[in-house]
Amino acid sequence: MRHALELAKKGLGKTHPNPAVGCVILKDGKVVGEGYHPEAGKPHAEVYALRAAGQAAKGATAYVTLEPCNHYGRTPPCSRALVAAEVSRVVVGAGDPNPLVGGAGIQTLEQAGIEVEMIGGEEEQIAYDLNTEFMERMKAAVNKG
């Protein structure tokens, strides 16, 4: 997760209105794919990591700094890309308070039989703090609705 958080930092200041997100895919203790969201309108971190991993993503664990999106915006949902790649486990840094996501990304993964774990602790706080502006803006949107 720490490596995914470092990758996410590469997108800071370039992804607005989206969050900065990093993703690392591990299989058999080795990094087989990694990526980050470079700017709004471009593919998300999970997509770059899955592309890099190719077939090695099947049965692997994905570490993602923010819950994978579950809706179609300028890009397709990352939750479904992870399902299609047949990863076996996803470790999430922080939940996404976006009203279009808000637990639905995790639900999509679990319904597909993928084990999902929230990282918790210090790493969860770092993942949240990385995107404080986004997180607070999304919470405000939820509270308005």
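This report walks through a pocket, one of the residues at its centre and a pair of packed helices. The model is a predicted one.

The largest pocket holds about 370 Å³ of space. It is lined by 26 residues, and those closest to its centre are N18, P19, H44, C69 and H71. Two or more lining residues come from each of the elements α2 (45-53) and α6 (132-144), with α6 giving the most, 3 residues. The table sorts the lining by class.

| Class in the lining of the largest pocket | Residues |
|---|---|
| nonpolar | 12 residues |
| polar | 8 residues |

C69 sits in the loop that runs between β3 (61-66) and α3 (78-85). Is C69 buried or exposed? C69 has a relative accessible area of 9%, so C69 is buried, the cut-off being under 20%. Setting aside neighbours within four places in sequence, C69 is in contact with H44, P76, P77, C78, S79 and V101. The C-alpha atoms of C69 and I106 are 8.9 Å apart, although 37 residues separate the two along the chain.

Now for the helices. The axes of α5 (residues 121-130) and α6 come within 5 Å and cross at roughly 80 degrees. Because angles of 65 to 115 degrees count as roughly perpendicular, α5 is roughly perpendicular to α6. On the α5 side the contact is made by Y128, D129 and L130, and on the α6 side by T132, M135, E136 and K139. By class, this contact has 3 nonpolar, 1 polar and 3 charged residues.

How values were computed
Residues numbered from 1 in each chain as written. Predicted model: local features only at pLDDT ≥ 70, side-chain atom pairs only at ≥ 80, totals over all residues. Heavy atoms only, no water. 1 Å grid on protein atoms, 1.4 Å probe; cavity = no way out; pocket = protein on both sides within 12 Å on 5 of 7 lines; lining within 4 Å. Points joined across faces, edges and corners; volume = space filled by probe spheres on them. Helix = DSSP H or I, 4+ residues; strand = E, 2+ residues; numbered from the N terminus. Nonpolar A, V, L, I, M, F, W, Y, C, P; charged D, E, K, R; others polar. Axes fitted to C-alpha atoms, helices over the stretch in contact; angles between N-to-C directions. Parallel < 35°, antiparallel > 145°, perpendicular 65-115°, else oblique. Contact = heavy atoms within 4.5 Å. Buried < 20%, exposed > 50% of the residue type's maximum accessible area, 1.4 Å probe, protein only.
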